[in-house]
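Please prepare a briefing on the structure shown below.

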Amino acid sequence: KNRTLSAKANMDMSFFARMVKLGIKHYTLDSQGRARDEISKLYGWRYGGLASLDCVGEGAYEKANAGFLHNFQMVDVPDFEGKGE
């Protein structure tokens, strides 16, 4: 809530980003296995060519979501009392 403290301490930076900036050894994964391909393509661009493991094309991932027409649905959430997130 304190803007000066937030600006000086870089509070908008994640803990992971801080550790990378400090030179801590890290690994960046290039494959995911928790979301269907259609869903992972929504955010995969952010991770530099994120690929899906073979397991996301079989088993439970092939079944439809009960009650949903599509694999994912977007919901527009307007600002609350003039303030967004």
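A residue is called buried when its relative accessible area is under 20%, exposed when it is over 50%, and partly exposed in between, with a 1.4 Å probe and protein chains only. The model is predicted: local features need pLDDT of at least 70, side-chain atom pairs count only at pLDDT 80 or more, and totals for chains, interfaces and linings use all residues. Residues are numbered from 1 along each chain as its sequence is written, and side-chain values use heavy atoms, with hydrogens and water left out.

- Gln-32 belongs to strand β1, which spans residues 31-32; helices (H or I, at least four residues) and strands (E, at least two) are DSSP runs, numbered from the N terminus.
- Gln-32 counts as buried because its relative accessibility is 9%.
- Contact means heavy atoms within 4.5 Å; beyond its neighbours within four places in sequence, Gln-32 has contacts that include Ser-40, Tyr-43, Leu-50 and Val-56.
- The side chains of Gln-32 and Ser-52 make a polar contact at 2.9 Å. Such a contact is a pair of N or O atoms within 3.5 Å; within protein, one must be able to donate a hydrogen and the other to accept it, and residues adjacent in sequence count only if both atoms are side-chain atoms.

**Aromatic rings and the nonpolar patch**

- Rings of Phe, Tyr and Trp (its six-membered ring) pair if their centres lie within 6.5 Å; planes under 30 degrees apart count as stacked, over 60 as edge-to-face and the rest as tilted.
- By this rule there is one aromatic pair: Tyr-43 and Tyr-47 are edge-to-face, with 6.5 Å centre to centre and 85° between the planes.
- Tyr-43 is partly exposed because its relative accessible area is 31%, and Tyr-47 is partly exposed at 48%.
- Leu-42, Tyr-43, Tyr-47, Phe-72 and Met-74 make a nonpolar surface patch of about 510 Å². Accessible areas come from the Shrake-Rupley method with a 1.4 Å probe; for residues, only the protein chains shown count as cover.
- Phe-72 lies in the segment after β2 (51-52) and is partly exposed, at 33%.

**Distances in sequence and in space**

- Arg-36, in the loop between β1 and α3 (37-43), is buried, with a relative accessible area of 11%.
- Arg-36 and Gly-57 are 21 residues apart in sequence and 7.2 Å apart in space, C-alpha to C-alpha.
- Gly-57 and Met-74 are 17 residues apart in sequence and 22 Å apart in space, C-alpha to C-alpha.
- Gly-57 is in the segment after β2 and is partly exposed, at 45%.

**Backbone at Glu-81**

- Most residues other than glycine have a negative phi.
- Glu-81 has a positive phi, near 55°.
- Glu-81 is placed in the segment after β2 and counts as exposed because its relative accessibility is 71%.

Technical notes:
Patches are made of residues with over 30% relative accessible area and no salt bridge: like charges are joined within 9 Å, nonpolar side chains (Val, Leu, Ile, Met, Phe, Trp, Tyr) within 5 Å. A salt bridge is a side-chain nitrogen of Lys or Arg within 4 Å of a carboxyl oxygen of Asp or Glu.
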